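This note is meant for a colleague who is meeting the structure for the first time. Please keep the sequence and the model in view while reading.

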Amino acid sequence: MTMINAYAPDSAGTLPERERALIGRRERLLGPAYRLFYADPIHVVRGEGSYLFDADGNRYLDAYNNVASVGHSRPEVVEAMAKQAAVLNTHTRYLTDGILDFAEAFLAEFPAELSHLMLTCTGSEANDLALRVARVHTGGSGVVIAHNAYHGVTSALAEMSPSLGAAVKLGDHVRVVPAPDSYRIPAAEVGAAFARSVEAAIADLRGKGIAPAALLVDTIFSSSGVFTDPAGFLAPAVEAMRKAGGIFIADEVQPGFGRLGTHMWGFARHGLVPDIVTVGKPMGNGHPVAGAIFRPEVIEAFGRSQRYFNTFGGNPVSCAVAHAVLRVIKAERLQENALAVGSQLIDGIRALAGKHDLIGDVRGSGLFIGVEMVRDRKLKTPAPEETARVVNGMRRRRVLISATGQEGHILKIRPPLVFSAADAALFLATLDEVLAGL
């Protein structure tokens, strides 16, 4: 299956010998399932703040890697990691202070109803745990997800991640609903349309004898195409699932930690309190720490009947790293920065739409932006080939983005939270130059 923005091996002849040799070593040592970004893959050797550097010392503006949420090689995070690793690293079956100190600080960022934290190593593990808890709590197994969603790489999550491609079969207990496409559905109708689709999916599950367990959505619909507005549109669908006996799992791996600017979490933009929230590696600035946050009544039956143990989920080093990331976000007011710089980007891209007809729609919140590229604005015809040219044109000018949506025709802009006004100005100038050259 072809991945969006993937390197095509048949173009290897255009690469320098050093990079061809590296790709050959990857294929020999790592096997055939890995993929590289960009028509001309980048050989990165270090990162700092909003920038990556290649083996020749060239600097690339990183407008895509949300995992390094507080900036590449963040000194405070590295220091916290090294300091704790030099003292103790073990599992959660011993009493330690760090996990509790972090949990107190972290849970304070959530509504009071969400008061239990369980830590994992990856977002996939967090979503897997959330599904296990949902099934015990509801007695059901049916899960409703959005079109072209991505929720993880475990067997359970892969079968509810259609963005992985047709070769990965969806589960019989999974139902896919159309994305809340605010570009093609009038704003006043988006919420009702999405809720009707969820209701129809629930009815179909029940018709097959499958009780619903959960509505699982990434709260910015990252892989579906980045759909943020109107704020609140998600509430009717959540109500429909709860009425049917299921729960709402908010996947905050990509939109969380202040990225959306207006709120710390994507679900908060919709005025919702989920039953379970999952978070991933942006929590540790790329360090493998993740987790799930629960309403106590949702996890009560699971905790009474089962135990959960993850050897390195919640280890002292990971907790120290996650706590350091949280402190940086709060101390440097990075949520506010996301709103200010994100607004600069969104306004700037909308201004570029006045010059370049390829831009059909600009949507997003804070530092998470989707730009839908179309061949015809009236027909709203997707332009995937042109989008690929834009992504690779930006890469050649040393600005990194990617694409999203099933057809790969939506620019996905998702930089570290430390992205500055100067970074945004460079991004906009480069995008203008690339679009003019098409």
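1. The model is predicted: local features need pLDDT of at least 70, side-chain atom pairs count only at pLDDT 80 or more, and totals for chains, interfaces and linings use all residues. Residues are numbered from 1 along each chain as its sequence is written, and side-chain values use heavy atoms, with hydrogens and water left out.

2. Domain 1 (17–73 + 334–437) and domain 2 (75–332) come from an automatic or database domain assignment. Their centres, taken over C-alpha atoms, are separated by 25 Å.

3. Between them, domain 1 and domain 2 bury about 2800 Å², with 52% of this on carbon and sulfur atoms; buried area is the accessible area (1.4 Å probe) lost on putting two parts together, summed over both. In contact (heavy atoms within 4.5 Å) are 36 residues of domain 1 and 37 residues of domain 2.

4. One salt bridge (a side-chain nitrogen of Lys or Arg within 4 Å of a carboxyl oxygen of Asp or Glu) is counted between the two domains.

5. Helix α7 spans residues 235–243, and its buried residues (under 20% relative accessible area, 1.4 Å probe, protein chains only) are Ala237, Val238, Ala240 and Met241. Seen down the axis of α7, these fall within an arc of 160 degrees, so they line one face of the helix; the arc is that of the directions from the helix axis to the C-beta atoms. Helices (H or I, at least four residues) and strands (E, at least two) are DSSP runs, numbered from the N terminus.

6. Just after α7, Gly245 has a positive phi of about 100 degrees.

Technical notes: Buried < 20%, exposed > 50% of the residue type's maximum accessible area, 1.4 Å probe, protein only.
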